[in-house]
Amino acid sequence: MAELLKLLKDGNKPSLMAACVNAFLGIIKGVAFSFTGNVAMFAEMMHSLGDAANQLFVYIGSALSKKAPTKQFPAGFGRIVNLVCLFAVIIVAILSYETVKEGWHHFMHPAGESKGMFIALGVLFIGIVLESIVLAKAAVEVLHEAGQEKAGLATITKAFTYLKRAKPATKLVFMEDLVATAGNVLAFAAILIAHFTGWARIEGLVSMIIGCMMFYVVGKIFLDNARGVIGETDEEMLNHIAHLVMEDPNIKDIVRLEVVKEGEFLHVELVAEADANLSLAYLDDVRDHLTAVILSQKGVSKVAILFDEDDGLLNWVHVADKPTRPTI
């Protein structure tokens, strides 16, 4: 239990914050739906509850992924966060389907003007404010994980540029809260349009739009984490590490270099060619130096380096100062 509590302290904080906010919003939206019968409010209730559930799972998964390797699992537990994210999107997919189905039913058979307009608008306004705060926090975390500075009011837009560099849990929170904020705004607008124009079908239409946005998040997160479970190469970091390795005067060539994502971390395996006249003791010092350099790179948690005798041929070439794999 003590180990679990220690791991939870290192869990993804934006996920925990988002889970708490969405649980609160899901409850008050459920209460508002019971008073108003507004289908757009129902869609937002389902959206918030779904986000709260999977973000809690993601928080726990991100914490467990930091568990140290054991004898039985020497590669560590980094991919647990990818597995948890895959499980989380199943929940969102089910709620997305229910949201679209309910929206379609209301669109085809509108029930007339909803009651308690001001209650619904007030709850949605609270949702817009809270979801925007969580979205901003997630955007800051995205930039932090990418090694970038926050940019004031432009932080959210800047985060899109570096979203690929974010950890799986942070990326999920950012995307879900982006959709959640947009969903609150759409539901708010739908209630006003329905009230002033009498077009009750707009609430069903918006409910279907919210459900489709949730499906988009499901697809995007599923593909990202499926690649993570299989073991995806981080090409950008691979090129960066190759450049660092080739800068060492003792390294003549790179035979093989793999930089594989293991959940929130990167595992590096390197086979490099060195001068055959160098002693084992000297090569051991070279290995220690390269290991320290590679481990200092953001996200790298494990490095394995082997040396081979230089064959006099250069296999790893430079293009525009970026090392790339040889063409076979």
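Visitor: What should I know about the model and its numbering?
Guide: Local features need pLDDT of at least 70 and side-chain atom pairs count only at pLDDT 80 or more, while totals for chains, interfaces and linings use all residues of this predicted model. Side-chain values use heavy atoms, with hydrogens and water left out, and residues are numbered along each chain as its sequence is written, from 1.

Visitor: How many helices and strands does the protein chain have?
Guide: Helices (H or I, at least four residues) and strands (E, at least two) are DSSP runs, numbered from the N terminus. The C-alpha trace spans about 85 × 50 × 35 Å along its principal axes. Within the protein chain, the secondary structure comes to ten helices and five strands.

Visitor: Why is α3 described as largely enclosed by the rest of the structure?
Guide: Helix α3 covers residues 39-64 and reaches 38 Å from first C-alpha to last, close to the expected 38 Å (1.5 Å times one less than its number of residues). Buried means under 20% relative accessible area, exposed over 50% and partly exposed in between, with a 1.4 Å probe and protein chains only. Helix α3 is largely enclosed because its buried residues number 20 of the 26.

Visitor: Are α5 and α7 roughly parallel or roughly antiparallel?
Guide: Axes are lines fitted to C-alpha atoms, for helices over the stretch in contact, with angles from 0 to 180 degrees between N-to-C directions. The axes of α5 (residues 117-145) and α7 (residues 168-197) come within 8 Å and cross at roughly 155°. Angles under 35 degrees count as roughly parallel, over 145 as roughly antiparallel, 65 to 115 as roughly perpendicular and the rest as oblique. The pair α5 and α7 is therefore roughly antiparallel.

Visitor: Which way do α4 and α8 run relative to each other?
Guide: Helix α4 (residues 80-108) and helix α8 (residues 201-230) have axes that come within 8 Å. Their crossing angle is roughly 160°. So α4 and α8 are roughly antiparallel.
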